[in-house]
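Okay, thanks everyone, I'll keep this short. Have a look at the model on the screen, and then I'll walk you through a few spots in it.

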Amino acid sequence: APAPAPTTAPETSEPTAPEPSAPTLAEACIEPSLKMAEASTQLAEVSAALASTDGKDPAAMVEAIKGMGEYFGTISESVSDTQLKASLAGMAQGYAGLATGYSKMFIDNDLTASAEVMQAISGLQTSITDFQTLCGAS
C-alpha cells in the first residue's frame with residue numbers, strides 16, 4: 001500500500017510572491033499600447049503628408065518612422081516579460097527596416113528597395129500581431 005500523504009506540504013510547493021518591482025504583463029502592456037495608438041496616428045499623418053506633398057518631404061517621413069523604431073527599441077529594453085520584449089524588439093526592427101527602405105526608395109530613388117520595404121512591413125505586422133495577442137488588444 002502507498003504511504004499516506006504528508007499532512008504538511010513541502011516548502012517548495014508554496015507559491016512565491018512576485019517581486020514588487022516586476023510589473024504584471026497587463027501593466028507592462030499599458031505604455032506600449034498607448035504608443036501603438038500614437039504610432040498608428042503618426043503613420044497615417046505621415047502618409048497623408050507625403051501624399052499631399054507628392055512625396056516631396058520623404059526625409060520627414062523617414063525620421064518619423066525611425067523615431068518610432070527607436071522608441072519601441074527603448075521600451076523593449078525596459079520590459080521584463082520575454083515574449084513582450086521580443087514583440088517590441090521586432091516592432092523596433094520593423095520600423096528601422098521601414099525607415100531604411102523608404103530612405104532608399106524615396107530619397108535615393110532606389111526602387112529595388114521596395115522588396116526591403118515589403119519585408120519590413122511583413123515583420124512589423126507579425127510583431128504587432130504578437131504584441132496584440134500578448135496584450136489583449138484588438
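Let's start at Ile65, which sits in helix H2. Keep in mind that this is a predicted model. So, is Ile65 buried or exposed? It's buried, because its relative accessibility is 1%, and the cut-off for buried is under 20%. What does Ile65 touch, once you skip its neighbours within four places in sequence? Leu43, Tyr95, Leu98, Ala99 and Tyr102. Take Leu98 from that list: 33 residues separate Ile65 and Leu98 in sequence, yet their C-alpha atoms are 7.2 Å apart in space.

Okay, zooming out. We're looking at 138 residues, and 30% of them count as buried. The chain exposes about 8800 Å², with carbon and sulfur atoms supplying 58% of that area. As for contacts, if you take those with a separation of 6 or more, 62% are between residues 24 or more positions apart.

Now the inside. As a general point, nonpolar side chains in soluble globular proteins tend to be buried together. Here, the largest nonpolar core has 26 residues, and Phe72, Leu84 and Leu88 have the most contacts inside it. Where does that core come from? You get at least two residues each from H1, which runs 25-52, H2 at 58-78, H3 at 82-107 and H4 at 114-135. Which helix gives the most to this core? That's H3, with 9 residues.

Leaving out neighbours within four places in sequence, Leu88 is in contact with Pro32, Phe72, Ile75, Ser76, Val79 and Phe131. Notice that Phe72 turns up there as well, and Phe72 is another of the residues with the most contacts inside the core.

On to the helix packing. For two packed helices, you describe the arrangement by the angle between the axes and the distance between them. For H2 and H3, the axes come within 8 Å and cross at roughly 165°. The cut-off for roughly antiparallel is over 145 degrees, so H2 is roughly antiparallel to H3. The handedness of that H2 and H3 crossing is left-handed.

Then H3 and H4. Their axes come within 8 Å too, and the crossing is at roughly 155°, so H3 and H4 are roughly antiparallel to each other. Again, the crossing of H3 and H4 is left-handed.

Ser127 counts as buried, because its relative accessibility is 8%. Beyond its neighbours within four places in sequence, Ser127 is in contact with Ser87, Gly90 and Met91.

Last stop, the loop between H3 and H4, where you'll find Asn109.

Technical notes:
Residues are numbered from 1 along each chain as its sequence is written. This is a predicted model: local features need pLDDT of at least 70, side-chain atom pairs count only at pLDDT 80 or more; totals for chains, interfaces and linings use all residues. Side-chain values use heavy atoms; hydrogens and water are left out. Buried means under 20% relative accessible area, exposed over 50%, partly exposed in between (1.4 Å probe, protein chains only). Contact means heavy atoms within 4.5 Å. Accessible areas come from the Shrake-Rupley method with a 1.4 Å probe; for residues, only the protein chains shown count as cover. A nonpolar core is a set of buried Ala, Val, Leu, Ile, Met, Phe, Trp, Tyr and Cys residues joined through side-chain atoms within 4.5 Å. Helices (H or I, at least four residues) and strands (E, at least two) are DSSP runs, numbered from the N terminus. Axes are lines fitted to C-alpha atoms, for helices over the stretch in contact, and angles run from 0 to 180 degrees between N-to-C directions. Angles under 35 degrees count as roughly parallel, over 145 as roughly antiparallel, 65 to 115 as roughly perpendicular and the rest as oblique. A crossing is left-handed if the near helix is turned anticlockwise from the far one by less than a right angle, and right-handed if clockwise.
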